[in-house]
Amino acid sequence: MSTATDPASLTPPPGMTRFMVDPVKCIGCEACNNSFPKAFKFDRPANVAFTDAPVPEAEYVNDEVTGVCPTNAIFVVGAPP
């Protein structure tokens with residue numbers, strides 16, 4: 001059984017940014033985890049990166065974080081496409 005995530009629950013609080021990883025696009029290169037280990041985790045058995053919490057926006061430049069991914073699998077919640 002699959003459950004939908006409430007989109008409002010993904011919206012980060014003020015002063016925070018939430019990055020997400022599209023698991024379909026992720027190729028498991030670990031570039032995000034190696035470059036931004038506080039923001040990304042890596043699931044070795046699944047060979048996919050993920051995030052589990054918002055991060056302080058003052059510590060991250062969105063374009064730098066999303067730009068590290070060679071397959072454009074990283075996106076910012078609430079940012080225009």
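**View 1. The fold in outline.** Read along the sequence, the protein chain runs α-β-β-α-β-β-β-α-β. That pattern holds 3 helices and 6 strands. Helices (H or I, at least four residues) and strands (E, at least two) are DSSP runs, numbered from the N terminus. The model is predicted: local features need pLDDT of at least 70, side-chain atom pairs count only at pLDDT 80 or more, and totals for chains, interfaces and linings use all residues. Residues are numbered from 1 along each chain as its sequence is written, and side-chain values use heavy atoms, with hydrogens and water left out. Of the 81 residues in the protein chain, 33% are buried. Buried means under 20% relative accessible area, exposed over 50%, and partly exposed in between (1.4 Å probe, protein chains only). Contact means heavy atoms within 4.5 Å. Among contacts between residues at least 6 apart in sequence, 59% join residues at least 24 apart.

View 2. Rings of Phe, Tyr and Trp (its six-membered ring) pair if their centres lie within 6.5 Å; planes under 30 degrees apart count as stacked, over 60 as edge-to-face and the rest as tilted. The count comes to 3 aromatic pairs. One of them joins Phe19 and Phe40, tilted, at 6.0 Å centre to centre and 35° between the planes. Phe19 lies in strand 2 (residues 19-21) and Phe40 in the loop between helix 2 (31-35) and strand 3 (41-43), so the pair ties together parts 21 residues apart in sequence. Phe19 and Phe40 are both buried.

View 3. Distant parts of the chain are linked here: Phe36 sits in the loop between helix 2 and strand 3, and Tyr60 in the loop between strand 5 (55-56) and helix 3 (62-67), 24 residues apart. Phe36 and Tyr60 are buried. Phe19, Phe36, Phe40 and Tyr60 form one aromatic cluster.

**View 4. Thr51 beside Phe19.** Thr51 belongs to the loop between strand 4 (48-50) and strand 5. Its relative accessibility is 14%, so Thr51 counts as buried. The side chain of Thr51 reaches the backbone oxygen of Phe19 at 2.6 Å. A polar contact is a pair of N or O atoms within 3.5 Å; within protein, one must be able to donate a hydrogen and the other to accept it, and residues adjacent in sequence count only if both atoms are side-chain atoms. Leaving aside neighbours within four places in sequence, Thr51 is in contact with Phe19, Met20, Ala39 and Phe40.

**View 5. Asn33 beside Phe40.** Asn33 lies in helix 2. With 16% relative accessibility, Asn33 counts as buried. A polar atom of the Asn33 side chain lies 2.8 Å from the backbone oxygen of Phe40. Not counting residues up to four places away in sequence, Asn33 touches Phe40, Lys41 and Phe42.

**View 6. Lys38 on the loop between helix 2 and strand 3.** Lys38 is found in this loop. Its relative accessible area is 65%, so Lys38 is exposed. Lys38 and Ala53 are 15 residues apart in sequence and 9.7 Å apart in space, C-alpha to C-alpha. Lys38 touches Val55, Glu59 and Tyr60, not counting residues up to four places away in sequence.

View 7. Asn47 has a positive phi of about 55° although it is not a glycine. Asn47 is placed in the loop between strand 3 and strand 4, and is partly exposed at 38% relative accessible area. Asn72, also not a glycine, has a positive phi of about 55°. Asn72 is in the loop between helix 3 and strand 6 (74-76). Asn72 counts as exposed, at 55% relative accessibility.

View 8. The structure holds 1 cavity of 30 Å³ or more. On a 1 Å grid over the protein atoms alone, a cavity is a set of points where a 1.4 Å probe fits but cannot get out; lining residues have an atom within 4 Å of a point. The largest cavity has a volume of about 80 Å³, the space filled by probe spheres set on the points. Its lining has 13 residues, of which Cys26, Cys29, Cys32, Ala49 and Cys69 lie nearest the centre. By class, the lining has 11 nonpolar, 1 polar and 1 charged residues. Ala, Val, Leu, Ile, Met, Phe, Trp, Tyr, Cys and Pro count as nonpolar, Asp, Glu, Lys and Arg as charged, and the others, Gly among them, as polar.

Technical notes: 1 Å grid on protein atoms, 1.4 Å probe; cavity = no way out; pocket = protein on both sides within 12 Å on 5 of 7 lines; lining within 4 Å.
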